[in-house]
Amino acid sequence: MNHAQLLQLKRWNTPTIYNGWEQITKRNAGKEGFNLEEVRDLMPHMGPMVGYVATVVIEPSNPKHRREKPNAWSEYRRYVAHVPAPKIIVVQDLDKPGIFGSFWGEVNSNVHRALGAVGTITDGAVRDLDEMNNAGFKALARRLCVGHAFSHPVRWNCDVEVFGRKVQPGDLIHADKHGFLVIPPEDQERLLEAASFMDANECSTLIAAARSAAGQTTDEVLAQLDAAAARFSEATKNRFSKPGEF
């Protein structure tokens, strides 16, 4: 997807993008794609973020990584720089369920912004929240914390798992205050078209019927909703060869 298409995806919330994705994917839309564990959007005022995945694994409680991989930061930054922008950094914290330090703060968020990253999803913590806001770097995380401990890249450009969801480099992520959706490469081409259609389909059928119920009897409202649901399902089926379920 080009940058213009990604900007259009940002105009909707993540549930709306999911509504389109479930129509085009061959995966299990009830179990795959989105986070299965609770995640906190620490910058909901920034709205949705969309980007391609770059991954890194950390273990802030363990000082050995700094000794064993003294060049890791430089090598990791070089990797991030070559991931297509906009990019979202997905961080797996090996200390989970404990939290001993944050990979993210004022310095690292500004550094990654310079490398074309728009935000992060980490199953660890973040700190310097005001400064990260000032950098325009969005974060979905487990919580806040005070220190960075021994944060250091352990490995990168690898498969990770955060909030019950496996994520691979090259995946596309759409994320907001509801959580995040991981879109694999095979589902990306038709995503914008599908999300746009499903949003328009809802607005012109069920939502329109529900909003025009004033002054009608209960039977009239129910009949109107049944007719709208049928139109919604038929339009969905005709477009995607899948029945809508309402």
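**Salt bridges and a sheet**

Q: Which residue meets Arg27 in a salt bridge?
A: A salt bridge here is a side-chain nitrogen of Lys or Arg within 4 Å of a carboxyl oxygen of Asp or Glu. Arg27 meets its partner at 2.9 Å, N to O. That partner is Glu186.

Before going on, some ground rules. This is a predicted model, where local features need pLDDT of at least 70, side-chain atom pairs count only at pLDDT 80 or more, and totals for chains, interfaces and linings use all residues. Residues are numbered from 1 along each chain as its sequence is written, and side-chain values use heavy atoms, with hydrogens and water left out.

Q: How many residues apart in sequence are the parts that Arg27 and Glu186 tie together?
A: Helices (H or I, at least four residues) and strands (E, at least two) are DSSP runs, numbered from the N terminus. Arg27 sits in the loop between helix H2 (14-24) and strand E1 (40-41). Glu186 sits in the loop between strand E13 (179-183) and helix H7 (191-204), so the parts tied together are apart in sequence by 159 residues.

Q: Is Glu186 buried or exposed?
A: Buried means under 20% relative accessible area, exposed over 50%, and partly exposed in between (1.4 Å probe, protein chains only). Glu186 has a relative accessible area of 52%. Glu186 is therefore exposed.

Q: What is the N to O distance between Glu37 and Lys96?
A: The side chains of Glu37 and Lys96 form a salt bridge. Glu37 counts as partly exposed at 34% relative accessibility, and Lys96 is partly exposed at 34%. The N to O distance is 2.7 Å.

Q: Which helix holds Arg239?
A: Arg239 meets Glu193 in a salt bridge at 3.0 Å, N to O. The pair links distant parts of the chain, 46 residues apart: Glu193 is in helix H7, and Arg239 is in helix H9 (residues 218-240).

Q: How many salt bridges does the rule give?
A: Side chains of opposite charge can pair when their charged atoms come close. Among the pairs counted is Arg239 with Glu193. The count comes to four.

Q: Which residue in E8 is the bridge partner of Ala125?
A: Strand E6 (residues 125-126) pairs with E8 over two bridges, in the parallel sense. In E8, the partner of Ala125 is Arg143.

How values were computed:
Pairing = 2+ DSSP bridges.
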